[in-house]
Amino acid sequence: MAESDSSEDEVAAHNTVGNVPFEWYKDEEHIGYDIAGKKIKKKVREDKLDSFLASADNSENWRKIYDEYNDEIVELTKEETRMIRRVLKGMAPHPEFDPYPTAVDWVTIDKAEHPFPDAPEPKRRFVPSKWESKMIVRLVRGIRKGLIKVDDKPKEENRVYLLWGDDRNLTERHHIPPPKPKLPGHEESYNPSLEYIPTAEEVKKYELMYEEDRPKFIPKRFTSMRSVPAYDKAVRESFDRCLDLYLCPRTQKKRINIDPESLKPKLPSRKDLKPYPTTCYLEYKGHKGPVVSISTDSTGQWIASGSNDGTVRVWEVESGRCFRVWELGEAVQHVAWNPSPELPVLAVSVGQDVFLLNTGLGNDEENRRVDDLLHVESHMAHNEPGASEAIISETIVKWSRDDNHGAIRLNHYKTVSSVEWHRKGDYFSTLMPYGESKAVLVHQLSKGLTQRIPFKLHGLPVSTAFHPTRSIFFISTKKNVRIYDLLKQRLIKKLETGVREVSSIAIHPGGDNVIVGSKDGKLCWFDMDLSSQPYRVLNCHPKDITRVAFHRSYPLFASSSDDCTAYVFHGMVYSDLNQNPLIVPLEILRGHASVNGRGVLDCKFHPRQPWLFTAGADSVIKLYCH
Amino acid sequence: MDIDGDAEEASRRIRVRFVTKLKPPYKAPPTSIAIPTNLTRFGLSALVNNLLKAGNADWKIEAFDFLIDGELVRMSLEEFLLAKGISAEKILEIEYIKAVAPRKKEDPSLHDDWVSAVDGSNPRFILTGCYDGFGRIWKTAGVCTHLLEGHTGAITSVCILDPLGSDGRRVVATASKDMTLRLFEVNIEEFQGQLKKIQSFQTLRGHNASVQCIAAEPSGAKICSGSWDCRINVWQANDSDSGGDFMSVKKRKVDIEDEEPKSEGEPISTLVGHTQCVSSVVWPEHETLYSASWDHSIRRWDVETGKDSMNMYCGKVINCLDVGGESSSLIAAGGSDPILRIWDPRKPGTLAPTFQFSSHTSWISGCKWHDNSWYHLVSASYDGKVMLWDLRTAWPLAVIDSHEDKVLCADWWKSNCVISGGADSKLCISSEISVM
């Protein structure tokens with residue numbers, strides 16, 4: 001009673017009649033309805049006489065008050081009567097309530113240290129704070145710069161933690177189920193039928209067996225359950241199970257579920273990369289031995305070929321007619337057409353000689369000029385040995401006139417394996433694959449000079465090439481490709497091929513990409529800006545690659561191999577340096593026959609059409625057109 | 001009755017009427033008859049022959065070809081009707097024409113080397129160019145009347161100027177790999193049974209590389225030539241009578257062997273635009289000439305202004321070109337693939353060929369429209385075959401298989417012969433082809 005003087009809180013209303021006037025039910029038997037909708041009956045009231053008698057009998061009867069709402073008689077307690085009395089007297093119902101407490105003057109001018117000022121509110125209360133805005137600007141800058149991080153929520157501490165903290169990957173460890181036990185059958189019964197019981201001989205036989213072969217359980221009969229002994233292998237089996245769990249591998253290997261198709265690089269469709277050579281329509285027949293080398297002239301009207309039968313032939317590309325034949329008597333190693341259109345000269349390496357042949361395909365004026373050039377040349381070499389380079393040329397190479405073919409003959413001291421022209425058609429390099437410093441020579445046609453290259457060669461040179469636009473020279477040894485700057489006379493780069501033996505190299509017409517074919521059938525594409533390691537290695541041929549070639553204008557390159565095939569690839573080099581070259585295999589060109597284990601010996605692109613020439617050991621040259 | 005019913009089941013019948021534009025001895029009665037639908041071209045031909053024989057006792061059997069709705073029948077009637085969606089309910093009109101196929105092969109005319117060019121535009125003789133550098137004039141198969149001397153390189157192309165002129169004296173032009181063109185004057189009538197050697201009366205110099213093709217203006221006043229130096233030169237074709245024309249700039253020193261002084265000509269204009277070898281030129285009208293090149297384009301040039309009025313890119317190297325067909329405006333070209341393509345340049349907005357014929361198996365080296373027919377053309381290919389084509393069917397009308405090596409050139413002669421030269425050094429003539 002003490003805590004509250006609110007009478008409503010004390011007793012919950014028993015009645016569920018609701019707050020309705022009682023006159024509504026004055027003449028009714030009930031006073032309302034309960035929660036279930038049933039009538040609540042009025043209690044039979046004592047009549048006045050009874051109540052009077054009761055009050056006479058019971059001195060305490062005055063305490064009883066009729067509660068009309070709840071329809072019941074409430075007996076007042078002593079405290080309640082006391083409270084009533086106090087209320088009647090006009091006092092506060094609770095005696096502990098002090099109506100006149102000592103007033104404490106909290107807000108007086110005399111006592112307060114900081115009295116309430118009477119001054120009007122200053123303006124700054126209404127104006128946004130300058131310093132706060134400065135602070136905000138600083139914070140905003142900090143957030144923008146990333147110095148202040150707003151997104152970082154405070155790390156939620158795990159409310160529960162692992163008591164045994166060491167078992168960190170406990171959640172990852174999955175449940176290892178025990179092996180499923182075999183359900184017991186009839187023979188495992190304590191009292192199996194007789195047919196399950198082994199005979200004494202059988203038991204003896206079992207004992208003779210190895211433990212592994214012995215049946216795990218031998219049925220026995222017991223007359224009652226009481227006589228069944230304890231399971232003798234209980235300890236053993238639980239030990240084994242523990243051992244299993246202990247020795248069971250702790251890490252779980254997740255099987256990678258990847259569609260193998262998705263691992264393939266997304267390559268454009270071959271249809272979009274047309275044109276490229278696909279079908280052989282023309283054959284150039286006439287050689288009697290394997291065609292070792294072919295070369296096209298700069299216009300694409302003629303193609304020259306050299307063969308082991310000792311002849312060099314010039315063919316008309318469009319009709320397949322052999323236009324001219326030179327009999328050189330010895331197996332031809334390499335033919336190379338001068339890239340300059342005004343100088344229809346063919347360089348042919350035969351044994352230790354290099355012939356510069358006049359093809360006679362230019363107009364009269366050009367032919368005369370070439371004749372002059374090839375003629376004057378020999379005199380110069382003989383008559384002017386004064387210059388220092390000329391002395392070198394006298395010792396290593398002898399320039400002489402060959403009147404049989406109207407040609408210049410450069411006699412080397414070793415067998416020349418290849419001849420490569422510089423793009424301007426004046427210089428050409430010859431290669432003798434012997435491990436000496438004079439293995440690679442550079443000749444100048446117009447002056448009749450020969451020079452050694454001023455670089456130390458590491459290993460046997462295999463192939464050489466001039467850069468298509470700059471004065472850069474590529475020398476490939478069996479393992480590496482070295483790139484030299486001819487003007488500055490120094491090594492620029494070394495490309496590590498990682499193949500067994502390089503057989504040929506080709507330079508992209510842009511000059512920044514090199515392909516290298518190897519004798520183990522691998523084709524390496526180097527992006528020289530990227531790295532000295534191959535950008536891509538294409539392991540396509542089962543046999544030696546004999547030659548690789550780039551197309552001059554189309555994004556094509558090809559490789560020919562001793563497996564009688566030539567592969568054509570799309571090799572797009574983008575001018576955007578960020579984009580890597582795109583390499584797509586396009587076509588396998590077949591058709592050559594294998595002779596003595598050799599297949600296609602050379603391949604060259606037509607200089608202007610997307611066509612590929614292949615020279616085979618079957619002494620046929622084929623033209624594949626788009 | 002039963003048997004008849006079975007036959008009816010086996011082959012359904014269709015009512016047809018045979019019509020033709022041929023002259024009376026070939027006219028069949030215009031009544032409609034019911035024929036089985038499983039008949040092929042051969043069956044139809046036999047049927048028409050029977051009909052004709054019924055009207056004419058001494059009828060000789062003739063092969064016919066059949067057109068339904070302007071298309072040649074190349075399968076059984078039933079399949080054809082199904083494929084074309086033609087109703088079999090109505091009376092079907094079948095037009096028949098004489099089958100276009102060579103009925104006779106003349107003996108090959110042997111050359112000393114590959115026959116690279118042939119021109120049959122004059123019905124009285126055939127002009128051939130050969131890799132040995134000589135041009136030859138053949139009166140008929142195997143009868144060579146004139147030998148045109150002078151070139152130092154292989155002849156690549158020949159043409160007859162103003163071929164249908166009335167007199168017997170004709171001017172012919174040859175182009176060669178020695179970078180020159182030569183003009184010869186030939187008198188056809190003067191043949192006395194032995195070979196006559198003729199020197200050229202004019203040499204045209206001006207190309208920097210092999211001349212690949214040559215064509216004459218219809219009137220014969222000018223010729224044009226395409227070359228490996230990417231240019232087309234237009235020349236004045238001097239008549240030998242007006243030898244002192246202003247175009248013959250300098251006269252060479254008269255050689256002792258030469259009967260008449262040789263004059264040299266220079267190009268009156270050069271059409272520049274192609275970026276690779278010009279492989280073929282044709283000059284069908286006075287002011288326009290067409291050229292095809294290895295740079296994959298076909299161009300139409302306005303000779304007067306020297307500008308190209310049309311540039312058609314077709315994706316392949318083109319070796320041969322001809323303009324003809326319907327109102328002489330269809331372009332036929334073949335090149336570095338086995339497909340003979342025909343464009344209609346009047347069709348706007350598309351570069352797709354209107355017809356493609358792909359029965360060859362190698363490069364097409366020559367193609368030529370028939371002079372009078374809108375539909376017929378001949379093509380030569382490196383696969384050694386010459387094929388006759390009709391625009392109304394996708395199959396070749398005839399395959400002439402007389403060459404043993406690459407066929408390098410082909411042309412029509414006398415409107416009913418096909419002449420072709422090849423790498424087997426033969427000039428083959430297939431005659432009695434009844435076009436129209």
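1. A nonpolar core, as the term is used in this note, is a set of buried Ala, Val, Leu, Ile, Met, Phe, Trp, Tyr and Cys residues joined through side-chain atoms within 4.5 Å. The model discussed here is a predicted one, and the points below should be read with that in mind.

2. The largest nonpolar core has 26 residues, and those that touch the most other members are Tyr284(A), Val317(A), Trp611(A), Leu623(A) and Trp363(B), a list that draws on both chain A and chain B. The elements that give two or more residues to this core are β5 (279-285), β6 (291-296), β32 (612-616) and β33 (620-625), which belong to chain A.

3. As for chain B taken as a whole, its secondary structure consists of three helices and 36 strands, and 57% of its 436 residues count as buried. Among the contacts in chain B with a separation of 6 or more, 51% are made by residues 24 or more positions apart. The accessible surface of this chain comes to about 18600 Å², and carbon and sulfur atoms account for 50% of that area.

4. In the model, the chain over residues 204-236 of chain B is 61% strand and 0% helix, with the end C-alpha atoms 9 Å apart.

5. Ala34(B) belongs to strand β2 of chain B, which covers residues 32-36. With a relative accessible area of 35%, Ala34(B) is partly exposed, because that value lies between the 20% under which a residue is buried and the 50% over which a residue is exposed. Beyond its neighbours within four places in sequence, Ala34(B) is in contact with Arg13(B), Ile14(B) and Arg15(B). The C-alpha atoms of Ala34(B) and Val16(B) are 6.2 Å apart in space, although 18 residues separate the two in sequence.

6. On the surface of chain A, a nonpolar patch is formed by Met135(A), Leu139(A), Ile143(A), Leu147(A), Ile148(A) and Val150(A), which together have about 530 Å² of accessible area. Leu147(A), one of these residues, is placed in the loop between α4 (130-145) and α5 (200-208) of chain A. Its relative accessibility is 68%, so Leu147(A) counts as exposed, the cut-off being over 50%.

Key:
Residues numbered from 1 in each chain as written. Chains lettered and ligands numbered in written order. Predicted model: local features only at pLDDT ≥ 70, side-chain atom pairs only at ≥ 80, totals over all residues. Heavy atoms only, no water. Helix = DSSP H or I, 4+ residues; strand = E, 2+ residues; numbered from the N terminus. Buried < 20%, exposed > 50% of the residue type's maximum accessible area, 1.4 Å probe, protein only. Contact = heavy atoms within 4.5 Å. Patch = residues over 30% accessible without salt bridge, like charges linked within 9 Å, V, L, I, M, F, W, Y side chains within 5 Å. Areas by Shrake-Rupley, 256 points an atom, 1.4 Å probe, with all protein chains shown as cover. Salt bridge = Lys/Arg side-chain N within 4 Å of Asp/Glu carboxyl O.
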